[in-house]
Amino acid sequence: MNPYRTHNCEELRKGNIGQQVRLAGWVETIRDHGGVTFIHLRDHYGVTQIVINDEALMAGVGKEHVISARGTLRARDGDTINPRLSTGEVELQVDDLTILGKSVSQLPFEIAESMKTREEVRLIYRFLDLRNPAMHQNIVMRSAITRFLRSKMESLGFMEIQTPILTSSSPEGARDYLVPSRKHHGMFYALPQAPQIFKQLLMVSGFDRYFQIAPCFRDEDSRADRSPGEFYQLDFEMAFATQEEVFAVAEEVLYDTFSAFSDKEISAAPFVRIPFAECMAKYGTDKPDLRNPLIINDLTDFFTDVDFAPFRKKPVRGIVAPNCADAPKSFFERMLAFATEEIGMQGLGYISVLEGMALKGPIVKFLSEEKQQTLISMLGLKENDTLFFISDAPKLVDKLAGQIRTQLGKNLDLIDHNRFAFCFVTDFPMYAENEDTGAIEFTHNPFSMPQGEMQALETMNPLEIKAYQYDIVCNGVELSSGAVRNHRPDVMLKAFEIAGYAQQDIEAKFSALFNAFHYGAPPHAGMAPGLDRIVMLLTGQESIRDVVAFPMNANAQDLLLGAPRPVTELQLREAHIKIR
């Protein structure tokens with residue numbers, strides 16, 4: 001028999017009344033009612049109230065002490081039932097109490113208030129932060145989601161295969177974490193940014209459907225939806241698969257997962273497909289939040305014959321915001337402050353539609369009556385609408401318009417928070433021009449198959465070539481990226497040549513993959529939805545760190561264990577490293 005407990009702190013109910021019970025857990029609260037002490041005892045599963053009448057049993061007991069208490073379960077009086085607890089109809093009358101582990105008397109924060117505490121303190125005392133039932137439930141939810149994803153992938157015929165953590169450095173878009181080799185002087189391993197090369201090698205090896213919950217390591221700056229060092233993704237790859245077949249798997253897995261763990265409305269399959277160019281034009285981002293109904297309109301051609309200096313020889317975008325022309329002056333002041341102070345615009349012009357469809361605003365005097373009517377007609381303007389204008393350099397205007405669209409959606413409360421709106425963003429450009437050097441670079445995954453394959457690479461302007469690359473976006477969060485892979489060595493050579501790589505570069509950096517492709521590689525495709533981001537969305541958290549058990553802070557530091565930290569001179573010598 002377990003010497004600490006007979007039941008956990010969530011399972012006792014009225015049917016257990018009269019039984020001899022032993023519970024163990026942490027002392028969450030202590031209420032002394034003059035000779036009678038009430039304790040909320042908390043464990044992994046829940047909370048049960050225990051009652052102590054003998055003051056001697058309370059000697060030395062404090063908050064967050066770990067105790068084991070034995071006694072008789074009894075019904076609570078009707079006026080003391082706690083409907084907020086699943087065990088709220090019963091309580092344990094304690095006859096014996098043992099302190100198993102003491103806590104310091106001065107806690108760094110109240111457990112129940114930990115999520116309101118400064119993040120630095122939370123991370124130093126993460127073991128206390130995780131006692132908060134809300135934080136604890138996030139990790140429980142993560143475990144359940146991970147288990148569901150594994151089961152779902154196996155039901156679809158995918159085989160889980162682990163790939164190496166110590167591997168070689170490769171140019172995949174982010175900085176590698178490097179690991180020095182003790183046995184090979186001056187040589188380094190790298191932690192994988194993703195299992196990209198390994199999963200493609202598995203396809204060449206004859207496996208048909210692979211997946212794993214894969215750890216990925218990228219030495220990059222932190223974001224709310226990505227940890228700065230380590231993150232996890234549901235990585236999967238399929239042999240002899242088309243883009244649409246990958247989409248079908250992703251749609252089923254994500255729809256079923258979100259349905260299993262949320263009561264919100266979820267986009268039904270097939271998810272909306274939005275080509276990259278259209279996405280940037282309509283939403284100003286390749287991560288659109290489709291819960292926001294606002295659309296960006298290209299008004300550049302409309303203003304070509306309008307003599308308004310701020311729009312002269314620059315692209316112009318317009319966003320129609322409904323039912324806000326009569327908003328208080330403070331609304332427009334907040335939008336202007338956001339535009340100029342937060343995202344660096346020179347200003348934010350707008351036209352309001354008044355009663356009788358009269359237009360009002362500084363720009364109106366530059367528009368003839370005919371142009372005003374054209375504007376009303378082409379944008380479907382209605383009374384009380386406001387048309388906001390964004391104009392800037394071609395490389396900035398879409399991004400700025402997207403940020404204004406997002407802010408308008410928030411300020412006008414247009415976002416439906418009871419939906420998960422999924423879409424695929426497709427047809428990414430294969431290449432882009434580096435703004436500083438003018439060189440042609442890969443924009444996405446360098447192992448993607450270009451649309452048109454070799455013919456496109458040999459005959460088209462590289463900046464016009466599209467790739468079989470795609471993202472899944474949900475509520476403005478990029479959940480996944482993926483691609484139909486380039487499985488032909490001749491196409492691979494040409495694709496990398498355009499990006500400035502010689503054959504010897506490929507053979508040096510991607511020797512295993514390039515070599516394997518000469519031994520019969522099947523067409524293959526896949527993607528990798530981010531597990532951390534899925535859990536973040538399903539738990540309604542704003543930061544990915546609230547769904548990771550032991551995250552780094554935004555500055556890539558593990559404040560709990562003190563990493564990174566110096567190592568000894570002996571360790572450095574063994575790894576053949578000298579600190580400059």
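Glutamate 453 is in helix α10, which covers residues 453–459. The model described here is a predicted one. The phi angle of glutamate 453 is near 50 degrees, a positive value in a residue other than glycine. Most residues other than glycine have a negative phi, and most peptide bonds are trans. Glutamate 453 counts as partly exposed, because its relative accessibility is 29%, and partly exposed residues lie between the limits of 20% for buried and 50% for exposed.

**Backbone angles**

Methionine 357 also has a positive phi, near 65 degrees, and is a residue other than glycine. Methionine 357 sits in the loop between β15 and β16. With a relative accessible area of 27%, methionine 357 is partly exposed.

Two peptide bonds are cis. One joins alanine 269 and proline 270, with omega about -5 degrees. Proline 270 lies in the loop between β11 (265–266) and β12 (272–275). Another cis peptide bond joins alanine 563 and proline 564, again with omega about -5 degrees. Proline 564 is in the loop between α14 (531–539) and α15 (569–574).

| Site | Angle | Value |
|---|---|---|
| Methionine 357 | phi | near 65 degrees |
| Glutamate 453 | phi | near 50 degrees |
| Alanine 269 and proline 270 | omega | about -5 degrees |
| Alanine 563 and proline 564 | omega | about -5 degrees |

**The whole chain**

The protein has 15 helices and 24 strands. Its C-alpha trace spans about 90 × 75 × 50 Å along the principal axes. The protein has 580 residues, of which 48% count as buried. Among contacts between residues at least 6 apart in sequence, 66% join residues at least 24 apart.

**Helix α8**

Helix α8 runs over residues 369–379, and its buried residues are Lys371, Gln372, Leu375, Ile376 and Leu379. Seen down the axis of α8, these buried residues fall within an arc of 140 degrees, so they line one face of the helix. An α-helix has 3.6 residues a turn, so residues three or four places apart point the same way. The face of α8 turned away from the buried side carries the exposed residues Glu369, Glu370 and Ser377.

What do the buried residues of α8 pack against? Their partners are the strands β13 (296–298), β14 (316–321), β15 (349–353), β16 (359–360) and β17 (386–391).

**Strand β3**

Strand β3 covers residues 47–52, and six of its six residues are buried. Both faces of β3 are covered. Val47, Gln49 and Val51 are buried on one side, and Thr48, Ile50 and Ile52 are buried on the other.

Strand β3 is joined to two other strands, β2 and β5. Six bridges link β3 to β2 (residues 37–42), and this pair runs antiparallel. Threonine 37 stands opposite isoleucine 52 in β3. The strands β2 and β3 form a hairpin, with four residues between them. Two bridges link β3 to β5 (residues 90–101), and this pair runs parallel. The bridge partner of valine 51 in β5 is glutamine 93.

**A buried methionine and a surface patch**

Is methionine 492 buried or exposed? Methionine 492 counts as buried because its relative accessibility is 2%, and the limit for buried is under 20%. Methionine 492 belongs to helix α11, residues 489–498. Apart from its neighbours within four places in sequence, methionine 492 is in contact with Phe447, Asn486, Ile506, Phe510, Leu513, Phe514 and Phe517. Lysine 466 is 26 residues away from methionine 492 in sequence, and their C-alpha atoms are 15 Å apart in space.

Ile124, Tyr125 and Phe127 form a nonpolar patch on the surface, and their accessible area together is about 250 Å². Tyrosine 125 is in the loop between α1 (119–124) and α2 (126–129). Tyrosine 125 is partly exposed, with a relative accessible area of 32%.

Note on methods
Residues are numbered from 1 along each chain as its sequence is written. This is a predicted model: local features need pLDDT of at least 70, side-chain atom pairs count only at pLDDT 80 or more; totals for chains, interfaces and linings use all residues. Side-chain values use heavy atoms; hydrogens and water are left out. Patches are made of residues with over 30% relative accessible area and no salt bridge: like charges are joined within 9 Å, nonpolar side chains (Val, Leu, Ile, Met, Phe, Trp, Tyr) within 5 Å. Accessible areas come from the Shrake-Rupley method with a 1.4 Å probe; for residues, only the protein chains shown count as cover. A salt bridge is a side-chain nitrogen of Lys or Arg within 4 Å of a carboxyl oxygen of Asp or Glu. Buried means under 20% relative accessible area, exposed over 50%, partly exposed in between (1.4 Å probe, protein chains only). Contact means heavy atoms within 4.5 Å. The arc is that of the directions from the helix axis to the C-beta atoms. Two strands pair if DSSP finds at least two bridges between them.
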